[in-house]
Amino acid sequence: MTFKGKTHVVGDHIDTDAIIPARFLVTADTAELGKNCFEGLEPGWVKRVTPGDILVAGDNFGCGSSREHAPLAILGAGIPVVLARSYARIFYRNSFNMGLLLLELGDDIERIKEGNELEIDVAAGTIRNLTTGETIGFIPVAPFMMEMLSGGGLVEYVKRKVAQ
């Protein structure tokens, strides 16, 4: 699994209400949620995103309430992967359940800036920064988690297994 896109950087301690404010939680439709992604942080933020772009965050990304809508909003905005220094635990689990790939980079996150073009090779555990020429390594995602993600998350994975 590989990803290539331009980065959009947000800060530390971005909570789920900043990702998708409560007033937009009237639907579970991913595309509709995506239209309002990060409205709690910066109105109109999603208009800068091109499908396939990559979100970059600081510490404790996804803190706050347990809101499955938050990873769905990010996916609906066209962002298939998030890189961060660290994640809130419940957001981490919800994201994999919903099919959003999260990669934790620790201090290496500082090497990625707004607008960098990245190429991520999940199987190899590498991120090539095409803007700077740097390569960043990360701990590869467990094969089971990648299988689950490639099928759209936990719910879709279980549906496929039950149907077999």
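In which helix is the place of Thr16? Select Thr16 to begin: this residue belongs to helix α1. The model is a predicted one, in which local features need pLDDT of at least 70 and side-chain atom pairs count only at pLDDT 80 or more, while totals for chains, interfaces and linings use all residues. Residues are numbered from 1 along each chain as its sequence is written, and side-chain values use heavy atoms, with hydrogens and water left out.

**Around Thr16**

Helices and strands are DSSP runs numbered from the N terminus (helices: H or I, at least four residues; strands: E, at least two). Thr16 counts as buried because its relative accessibility is 2%; buried means under 20% relative accessible area, exposed over 50%, and partly exposed in between, with a 1.4 Å probe and protein chains only. Now display the contacts of Thr16 (heavy atoms within 4.5 Å). Leaving aside residues up to four places away in sequence, Thr16 touches Gly62, Cys63, Gly64, Ser65, Arg67, Ala70 and Phe91.

**The sheet**

Next, colour the strands. An open sheet is formed by 7 strands in the order β4-β3-β2-β1-β5-β6-β7, with mixed pairing; two strands pair if DSSP finds at least two bridges between them. The edges are β4 (101-104) and β7 (135-137), each with a single partner strand, so one side of each has no neighbour in the sheet.

Select β3 (residues 81-84): 4 bridges join this strand to β4, and the two run parallel. Val82 has Leu102 in β4 as its bridge partner.

Move to β5 (residues 117-121). In a regular strand the side chains alternate between the two faces of the sheet. Leu118 and Ile120 make up the covered face of β5, whereas Glu117, Glu119 and Asp121 make up the uncovered one. β5 pairs with β1 in the antiparallel sense over 5 bridges, and Phe3 stands opposite Ile120. β5 also pairs with β6 (residues 126-129), again in the antiparallel sense, over 4 bridges; here Glu119 stands opposite Arg128. β5 and β6 form a hairpin with 4 residues between them, and Gly125 in the turn has a positive phi of about 70°.

**Two loop residues**

Select His13, in the loop between β1 (2-9) and α1 (16-19). Its phi is near 55°, a positive value in a residue other than glycine. Then select Phe38, in the loop between α2 (30-34) and β2 (54-57). Phe38 is not a glycine, yet has a positive phi of about 65°. With 0% relative accessibility, Phe38 counts as buried.

**Salt bridges**

Side chains of opposite charge can pair when their charged atoms come close. The count comes to 11 salt bridges, each being a side-chain nitrogen of Lys or Arg within 4 Å of a carboxyl oxygen of Asp or Glu.

Show Arg85 and Asp59, whose side chains meet in one of them (3.8 Å, N to O). Arg85 is in the loop between β3 and α4 (89-98) and Asp59 in the loop between β2 and α3 (69-76), 26 residues apart. Is Arg85 buried or exposed? Arg85 counts as buried, at 17% relative accessibility, whereas Asp59 is partly exposed at 25%.

Finally, show Arg111 and Glu134, which meet in a salt bridge (3.0 Å, N to O). Arg111 lies in the loop between β4 and β5 and Glu134 in the loop between β6 and β7, so the pair ties together parts that are 23 residues apart in sequence.
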